[in-house]
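Here are my notes from a pass through this one, as promised. Have the viewer open while you read.

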Amino acid sequence: MLTLIEKNWLTFMFIVMAVFCYNNYGYARNISSSLPHKNFFIIKTSKIKVGDYILFKAPRNSAYDGMFLVKQVLAGNGDKVTVSERNVFINDKLAATAKTHTKAGQVLTVASDSEITKGSYFVANPHQDSYDSRYLDFGLIHEKDISGVAYALW
C-alpha cells in the first residue's frame with residue numbers, strides 16, 4: 001500500500017507531467033484531402049525550418065479564418081517569392097501553381113512578388129486544391145499564429 005506522502009507525490013508528479021506535455025506537445029487531425037497523412041504529433045517548442053509541416057491558425061482574411069491548419073513551410077526569412085502568370089516560384093524554383101477559381105466558383109487572386117521577412121513563412125501543400133500562401137487573401141503565416149511543428153503519425 002502507498003502511504004499518503006507517496007500518493008501525494010505521485011499526484012503531484014502526474015500534474016507536473018500533464019502540464020509539461022500540454023505546454024510542449026499536442027495532437028492535430030487533418031480532415032482535408034490536401035495531405036496524405038491525417039494524424040500529426042505537434043511539438044510546440046521546435047524551431048521551424050523550410051520543409052517542416054506546421055500547425056497554425058489560419059489568417060483572418062482567409063476563407064478558413066480562425067481554423068487550425070497543417071501545411072508545409074516552403075519559404076522563410078530572406079527567401080524570394082516571384083509570380084509569373086499563375087506560377088509561384090521560390091528562389092527561382094517552381095513551388096506551386098495557383099488556380100483561377102475555387103471548387104465553388106469564387107475567384108482566387110494569386111500572391112504577389114515579395115521577400116519573406118523574419119518571423120513569416122510561405123506555406124503550401126502539393127495538392128492542386130490546397131488553399132495556402134500562393135493566394136493573396138491567405139498570405140504569409142506569422143510566427144505568433146503557429147502552434148508548433150507537425151510530425152505525421154499516420
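**Notes on the predicted model**

1. Met17, Phe20, Tyr25, Tyr27, Phe41, Tyr151, Leu153 and Trp154 make a nonpolar patch of about 840 Å². Keep in mind that this is a predicted model. Both α1 (4-24) and β1 (25-29) supply at least two residues each to the patch. Trp154 sits in the segment after β11 (146-152), and with a relative accessible area of 63% it is exposed.

2. Now the inside. The largest nonpolar core has 24 residues, and the ones touching the most other members are Ile54, Phe56, Phe122 and Val123. At least two core residues come from each of β3 (53-57), β4 (68-75), β6 (87-90), β9 (120-124) and β11. The largest share, four residues, is from β9.

3. Leaving aside neighbours within four places in sequence, its contacts include Met67, Phe68, Leu69, Val123, Phe138, Ile141 and Ile146. A second, separate core has seven residues, including Leu35, Ile42, Leu55 and Val70.

4. Is Asn30 buried or exposed? Asn30 is in the loop between β1 and β2 (39-43), and at 9% relative accessibility it counts as buried, because the cut-off for that is under 20%. Its side chain reaches the backbone oxygen of His37 at 3.4 Å. Not counting residues up to four places away in sequence, Asn30 touches Leu35, His37, Lys38 and Phe40.

5. On to charges: there are six salt bridges in the structure. One of them pairs Glu115 with Lys80, with the closest N and O atoms 3.1 Å apart. Glu115 is in strand β8 (residues 114-115) and Lys80 in strand β5 (residues 80-84), so this pair links distant parts of the chain, 35 residues apart. Both ends are partly exposed, Glu115 at 47% and Lys80 at 44%.

6. Asp129 and Lys99 form another salt bridge, with closest N and O atoms 2.4 Å apart. Asp129 lies in the loop between β9 and β10 (141-142) and Lys99 in the loop between β7 (93-97) and β8, so the bridge ties together parts 30 residues apart in sequence. Asp129 is partly exposed at 27%, as is Lys99 at 24%. Lys103 joins these two in a network of salt bridges.

7. Last, look at Arg134 and Asp132, whose side chains meet in a salt bridge at 2.7 Å, N to O. Arg134 counts as buried at 3% relative accessibility, and Asp132 is buried as well, at 0%.

Definitions and conventions: Residues are numbered from 1 along each chain as its sequence is written. This is a predicted model: local features need pLDDT of at least 70, side-chain atom pairs count only at pLDDT 80 or more; totals for chains, interfaces and linings use all residues. Side-chain values use heavy atoms; hydrogens and water are left out. Patches are made of residues with over 30% relative accessible area and no salt bridge: like charges are joined within 9 Å, nonpolar side chains (Val, Leu, Ile, Met, Phe, Trp, Tyr) within 5 Å. Accessible areas come from the Shrake-Rupley method with a 1.4 Å probe; for residues, only the protein chains shown count as cover. A salt bridge is a side-chain nitrogen of Lys or Arg within 4 Å of a carboxyl oxygen of Asp or Glu. Buried means under 20% relative accessible area, exposed over 50%, partly exposed in between (1.4 Å probe, protein chains only). A polar contact is a pair of N or O atoms within 3.5 Å; within protein, one must be able to donate a hydrogen and the other to accept it, and residues adjacent in sequence count only if both atoms are side-chain atoms. Contact means heavy atoms within 4.5 Å. A nonpolar core is a set of buried Ala, Val, Leu, Ile, Met, Phe, Trp, Tyr and Cys residues joined through side-chain atoms within 4.5 Å.
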